[in-house]
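I opened a new notebook page for this structure. My entries below follow the order in which I looked things up.

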Amino acid sequence: MTVEPGSGSGHSAPPVEVRGLVKRYGQLTAVAGVDLTVNPGDVYGYLGPNGAGKTTSLRMMLGLIRPTAGSVRLFGRDPMESVHALDGVAGFVEAPTFYPYLSGRRNLELLAAFDGHEAATRIDHALETVELSDRAGDRVGGYSHGMRQRLGIAGALLRDPKLMLLDEPATGLDPAGMRDMRLLVRQLADRGITVVLSSHQLAEVEELCNRVAIVQTGKLVYEGEIAALKRSAGATYRLSTTDDARALEVCRAQPGITDARVERPDDPGEAHAGEALRARRGPARICFAADEAAVGELSQALVEAGALIRVLAPQTATLEDLFFSLTEGSDGADGRLPRVAPEAAAPLESAR
Amino acid sequence: MNPTVATVYRWELFKLRYQKRTYLGLGAAALVPIIFAAAVHFRHDRHGGDFAFSSYLTRSGLAMPLVILLFGAIWLFPLITALVAGDIFASEDHNGTLKTIFTRSLERWQIFGGKALAATTYAIAAILLNGTVAVIAGSIESGFNSLQSLSGTIVSAPKALELVYVSLLVYLIPIATVVAIGLLLSTITRNSAAAVVGTLMISLLFQLIGVLPGLGGLQPYLLSTQFNAWQGLLRTPIDWAPIVRAAWVCAMYGVPALAAAFLVFLRRDVAGG
């Protein structure tokens, strides 16, 4: 799929501003006060376990659901107040849906007619972009899941968007489809389109996104840059020696070395890791946190203690590691993965 | 008409072309008079003599659309109307397409207006189709002849033809209320079957209320009574009273139903699909 360069964002207000967003259904609180800001040009990951409130939040951003409290602004406009707030905005939540008894092209013609302006002139190009030109005349009822996802993207491209809101666009796609979807998102971003991407594919988000928001049970547990999240985890190292028991004693006694422990592949702390991941991580090893100077001194101390180093390597926490740590286990008490949420911001004023 | 409402209206009519229920309703509207004419032909041919409305039906084919209107007023035409009115919003929930069209550049009231107009157009088309086929089938069977009015006077064939179509138009007043009720149930239930059956049930319920002992005083104000208001046109002079009453009684039911449907549609959350 290819996306040609076009005009970037011409709006001065941020593409997305959410303040104190709440949605309750009776006793159930689906979204419990979310604050986030998406800046122009961001590829913004919106992550969370199932039932965390991601799709509900996206529906409120698109004006499909009325918030119980709080506000949403798209380029400074409230999507519940006016449909023009969605000018320059496109996307879909969950699976994109169409009229099954109409062809792909007819569905796009209908959507283009509703959009007006020059949307109809973009149909052929949109179909080429998502590689559906040869199936455009077939009824959507006969499309595969991947074809419907692509048609959803085509429908979004008709609007010449400055902001795309995509809810798990790669769900249900085969590996080639996932690859194509990643490529498309990257091309959209290169074109200057701001993308908000909800996904369960954490490796994909880590590859594509520069900023993320992580929600759990309707609450924001982190918002910011992925790089900053990784830095907040601190520098950690893994160590394997000829005498790990002795080495562990040395680590725990060494100044500047903290949280020294043995991690085994079947450690409960690794319970979320699959068999393949644990196998890749190999046998038990010692893990600890330290700065570079302390690591140097530790090396000397290990040699003096007779525990010769086999492996001493820095560990980079993956987004997956940090995500599980934020949403399942650590409350940040150990200081390694603090739950960082932005400070409450002032309520938004309506755009005029 | 607002251009966007017109766009929605055109596309709703286009979509109707691809749906089976469209042809189910129009097919019934066209077939009933053909079957009726055939039944008159065979009944008169074999048995001669009298059957219900035989003197009218055998003397002039222009009686056929009026007799069909009389028999079909309470259930046939409301059912045909409900097939589309009860489905036109609920089908969006069934297909999950409400979230698709709500994220385009049109207001919800424009969507509502286009769909309401399309449902009304379908009802009008079905009734006019039925009437036209009945005129043709009846004329083939019994001739394009003058008609005897309910007052006993003889009305010329051209005048009778005019009265037939004006009767159909007057009948559209309560049918417009049925459309409004169908739209309301379609938006509330979000289920086509429930909305279609519910619309028909409401129509029959009114008729049932009208025959309950002790409630005769309500009869002039029941929706079911207004389905026969067109008969005032067949009197000499024309009795406008039932027609005028049909207009405001139907508005009494239809306007709140339409307004409620509009408000439900305007404010609903699209949490599924």
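Domain bounds, as I use them here, come from an automatic or database domain assignment. I noted at the outset that this is a predicted model.

**Entry: domains of chain A.** I looked up how chain A is divided. Domain 1 covers 16-88 + 161-230, and domain 2 covers 235-316. I then checked the spacing of the two. The centres of domain 1 of chain A and domain 2 of chain A, taken over C-alpha atoms, are 37 Å apart.

**Entry: confidence.** I read the predictor's scores for the complex. The ipTM is 0.88 and the pTM is 0.82. For chain B I found an average pLDDT of 91, with 96% of the residues scoring at least 70. I kept a caution beside these scores: where pLDDT is low, the predicted coordinates should not be read in detail.

**Entry: where the chains meet.** I looked up the contacts between the chains. On chain A, 22 residues are in contact with 21 residues of chain B. Helix α2 (residues 104-115) of chain A gives the largest share of the chain A side, 5 residues. I also sorted that side by residue type: 16 nonpolar, 2 polar and 4 charged.

**Entry: one residue of chain B.** I picked B:Leu79. Helix α5 (residues 76-85) of chain B holds B:Leu79. Is B:Leu79 buried or exposed? I count B:Leu79 as buried because 20 other C-beta atoms lie within 10 Å, and the cut-off for buried is 20 or more. Last, I compared positions with B:Ala271. B:Leu79 and B:Ala271 lie 192 residues apart in sequence, and their C-alpha atoms are 30 Å apart in space.

Methods: Residues numbered from 1 in each chain as written. Chains lettered and ligands numbered in written order. Predicted model: local features only at pLDDT ≥ 70, side-chain atom pairs only at ≥ 80, totals over all residues. Helix = DSSP H or I, 4+ residues; strand = E, 2+ residues; numbered from the N terminus. Buried ≥ 20, exposed ≤ 12 C-beta atoms within 10 Å, placed from the backbone. Contact = placed C-beta atoms within 7 Å. Nonpolar A, V, L, I, M, F, W, Y, C, P; charged D, E, K, R; others polar. pLDDT = per-residue confidence, 0-100.
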